[in-house]
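Reader: I would like to learn how to read a few features in a structural model. Could we go through them one at a time?

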Amino acid sequence: MALWRAYQRALTAHPWKVQVLTAGSLMGLGDVISQQLVERRGLWEHQTSRTLTMFSLGCGFVDYPDALITNYYLWPAVQLANFYLVPLHYRLAVVQCVAVIWNSYLSWKAHQL
């Protein structure tokens with residue numbers, strides 16, 4: 001909980017910077033999940049440069065055109081449920097959790113051979 005409160009304080013003090021870093025971190029985490037859980041690369045085969053690329057893309061709020069259709073299936077449903085079922089103070093956390101899954105998908109899709 002202390003970490004969450006620190007995040008909230010930083011978000012209040014520096015909203016733009018924190019949101020950019022959050023987006024980049026979630027993209028990077030999505031790539032780690034993609035490489036380790038989906039592709040099962042293992043730590044020795046993990047492509048750190050790929051994770052850093054995804055982090056950088058996340059900081060720039062870049063999306064992949066191939067994933068646009070999937071985007072339109074996922075996010076409207078998530079946001080509809082989020083706005084109608086989730087209390088206001090938990091909405092950001094819900095979106096960020098779904099974003100980790102989404103970023104894992106984007107990383108996998110962008111790096112398929």
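Reader: Which residues does threonine 22 touch, not counting residues up to four places away in sequence?

Author: This is a predicted model. A contact is a pair of heavy atoms within 4.5 Å. By that reading, threonine 22 touches Tyr7 and Gln96, with residues up to four places away in sequence left out. Threonine 22 is found in helix 2.

Reader: Is threonine 22 buried or exposed?

Author: The cut-off for buried is under 20% relative accessible area. Threonine 22 has a relative accessible area of 15%, so it is buried. Glutamine 19 is also placed in helix 2, but at 45% glutamine 19 is partly exposed.

Reader: How far is glutamine 19 from cysteine 59 in space?

Author: Their C-alpha atoms are 8.5 Å apart, while the two residues are 40 residues apart in sequence. Tyrosine 105 and threonine 70 give another such pair: 35 residues apart along the chain, with 9.7 Å between the C-alpha atoms. Tyrosine 105 sits in helix 5, residues 91-110, and is partly exposed because its relative accessibility is 23%.

Reader: What share of the contacts in the protein chain comes from residues 24 or more positions apart?

Author: Among contacts with a separation of 6 or more, such residues account for 64%. The protein chain has five helices and zero strands. Its C-alpha trace spans about 40 × 30 × 25 Å along the principal axes. Of the 113 residues, 30% are buried.

Reader: Now to charges. How many salt bridges are there?

Author: Side chains of opposite charge can pair when their charged atoms come close. Here the count comes to three salt bridges. One of them joins arginine 50 and aspartate 31, at 2.6 Å from N to O. Arginine 50 lies in helix 3 and aspartate 31 in helix 2, so this pair ties together parts 19 residues apart in sequence.

Reader: Are arginine 50 and aspartate 31 buried or exposed?

Author: Arginine 50 is buried, with a relative accessible area of 4%. Aspartate 31 is buried as well, at 0%.

Reader: Which side chain meets that of arginine 50 in a salt bridge of 2.7 Å?

Author: The side chain of glutamate 39 meets that of arginine 50, with 2.7 Å from N to O. Glutamate 39 is in the loop between helix 2 and helix 3, and arginine 50 is in helix 3, so the pair ties together parts 11 residues apart in sequence. Glutamate 39 also forms a salt bridge with arginine 41, where the closest N and O atoms are 2.8 Å apart. Taken together, Asp31, Glu39, Arg41 and Arg50 are linked in a network of salt bridges.

Reader: What is the phi of arginine 40?

Author: Most residues other than glycine have a negative phi. Arginine 40 is not a glycine, yet its phi is positive, about 50°. Arginine 40 is placed in the loop between helix 2 (15-38) and helix 3 (48-59). With a relative accessible area of 65%, arginine 40 is exposed.

Reader: Last, the surface. Which residues form a nonpolar patch there?

Author: Leu80, Phe83, Tyr84 and Leu85 form it, and together they have about 540 Å² of accessible area. Leucine 80 is in helix 4, residues 68-85, and counts as exposed because its relative accessibility is 53%. The protein chain exposes about 7800 Å², of which carbon and sulfur atoms supply 70%.

Note on methods. Residues are numbered from 1 along each chain as its sequence is written. This is a predicted model: local features need pLDDT of at least 70, side-chain atom pairs count only at pLDDT 80 or more; totals for chains, interfaces and linings use all residues. Side-chain values use heavy atoms; hydrogens and water are left out. Patches are made of residues with over 30% relative accessible area and no salt bridge: like charges are joined within 9 Å, nonpolar side chains (Val, Leu, Ile, Met, Phe, Trp, Tyr) within 5 Å. Accessible areas come from the Shrake-Rupley method with a 1.4 Å probe; for residues, only the protein chains shown count as cover. A salt bridge is a side-chain nitrogen of Lys or Arg within 4 Å of a carboxyl oxygen of Asp or Glu. Helices (H or I, at least four residues) and strands (E, at least two) are DSSP runs, numbered from the N terminus. Buried means under 20% relative accessible area, exposed over 50%, partly exposed in between (1.4 Å probe, protein chains only).
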